Amino acid sequence: MQPRYKVDEKVLCYHGPLLYEAKCTKIKKEGNSYSYLIHYQGWNKNWDEWVNDSRMLKQTAENFEKRRKLLNSHMAQAKGNKKTRKEGNTAAGRKNTKGSDSNSNSRASTPVGDRVAPSRQNKRALVEDDRSTSSRDDEVKEPVKEPKKKKRKIETPVFFDEALNVNIDIPVELKYILCRDWDNIVNKKRLFRIPAKVTVTNIIDQYISHLTTTPPANSSSADNSSVKKSLAVEVIRGFGDYFNVSLGSQLLYSFERYQYKQDCESAGAVQPCDVYGSQHLLRLMLKIGDYLSASKFSDAHVKLVEDQLEDFLVYLNTNRSMFFMKKSYYNASPEYVQKNAKLIAS
C-alpha cells in the first residue's frame, strides 16, 4: 500500500472546523497506514504536527472552494452572534429602564387611602412579642460565642470586572476559554507552559500577515482598504506593547507570580510577549476596555480601537483550535507551590 500523499506535496488540512493550506514535510508508516508531518503555510513551525490522511485533502479547485465556504460560514456565524448579543443587550437595557420607571410610577400613583395601615391588634401583638423577647433575653446570662470559621478566599477571575463603559463584545466561546483558564490556575493549581509553543509575538505577527494578505471585498475600495489595514497593524502592534507593560501587574493570578519571576524578571531583557502565549493575550483583551475608559483618547480613536479589537477577537475565535489548546497546561510541582506561597507572603 502506497502513501496517498508525497513529501513536499501541498495539501489542505483540517484543524478544528476549518481547512488550512499546508505542506507535507515527512511521512512515516504506522502498521497498515501512514502519518504525515504537516506544516501549515504562513504559520509558525511550532504548529507542525503529525496527522493521518483523514484530515487531508488534495489542493484542487473544488477543495479550495470548500475551504472558502467553510471560512466564510464560520466568520458570518461569529459576526452574526456578535450582532445578536449586542441587540439583546440593548433590548435588555431598555426593558430594565422601562421596568424601573413603571415600578416607581406605580408606587407613586398608589392612592393614600388604598394603603393598608397596621391594625391596633397587630401593634399590641408586636409590643407583647417585644416584651416577651426582652424578658427571654434577660434570662440568658452569658451568650455562647461560636468560633468564627475562616472563610477561604477565592481569587476572582481576571475577566470578572470587565469594563462596561466601552462597547467591546467577547465571543461566548472565548469567555468559556477564560473560565477554563481561571479554573486551571486557581482551582486545579496548574500552570500555562512557558515559554509558550506559540507566543503573543507569533500570534500578533500571524494576524498582521492575515491582514496584509487578505484581499479587499472589491477593487474600487483597494486604496481605502490599504489605509484601514495600516491603522489595524498599528493598533495590533500597540496590543503587544500593552501586554509587555501590564502582564506583571494586572494579568497574572497570584499562583503565577513565581513563574513570572523565574521566566521574565530573572531572565533580564526578555519581553513577556516573547515567552507568554494565547491565554494571557486573551486576558489582556478584556483589560483593553479598562485602559480605554481611563484614557484621554477621543471618541473617534476609542471607536477605532474597539473595531480593531473586535475584528481581532473574531480572528482568535475563528482559529481557536490553533491558538487555545488544553495541552498547554501542566500540574505545578509541590516545590513550586511552596516557593510561590513564600514569594506571595514576603
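**Exercise 1. Find the residues of the largest nonpolar core that touch the most other members.**

Step 1. A nonpolar core is a set of buried Ala, Val, Leu, Ile, Met, Phe, Trp, Tyr and Cys residues joined through side-chain atoms within 4.5 Å. Buried means under 20% relative accessible area (1.4 Å probe, protein chains only).

Step 2. Read the core. It has 71 residues, and Ile38, Tyr40, Phe239, Tyr276, Met285, Phe312 and Leu313 touch the most other members. Helix H7 (residues 278–294) supplies the largest share, eight residues. Helices here are DSSP runs of H or I with at least four residues, strands are E runs of at least two, and both are numbered from the N terminus.

Step 3. Note the source. This is a predicted model: local features need pLDDT of at least 70, side-chain atom pairs count only at pLDDT 80 or more, and totals for chains, interfaces and linings use all residues. Residues are numbered from 1 along each chain as its sequence is written, and side-chain values use heavy atoms, without hydrogens and water.

**Exercise 2. List the residues that Phe239 touches, leaving out those up to four places away in sequence.**

Step 1. Contact means heavy atoms within 4.5 Å.

Step 2. The partners are Leu284, Met285, Ile288, Val305, Leu309 and Phe312.

**Exercise 3. Work out the strand order of the open five-stranded sheet.**

Step 1. Two strands pair if DSSP finds at least two bridges between them.

Step 2. The order is E4-E3-E2-E1-E5, with antiparallel pairing. Strands E4 (49–52) and E5 (56–58) are the edges, each pairing on one side only.

Step 3. Check one pair. Strand E3 (residues 33–40) joins E4 over four antiparallel bridges. Leu37 has Trp50 of E4 as its bridge partner.

Terms used:
Buried < 20%, exposed > 50% of the residue type's maximum accessible area, 1.4 Å probe, protein only.
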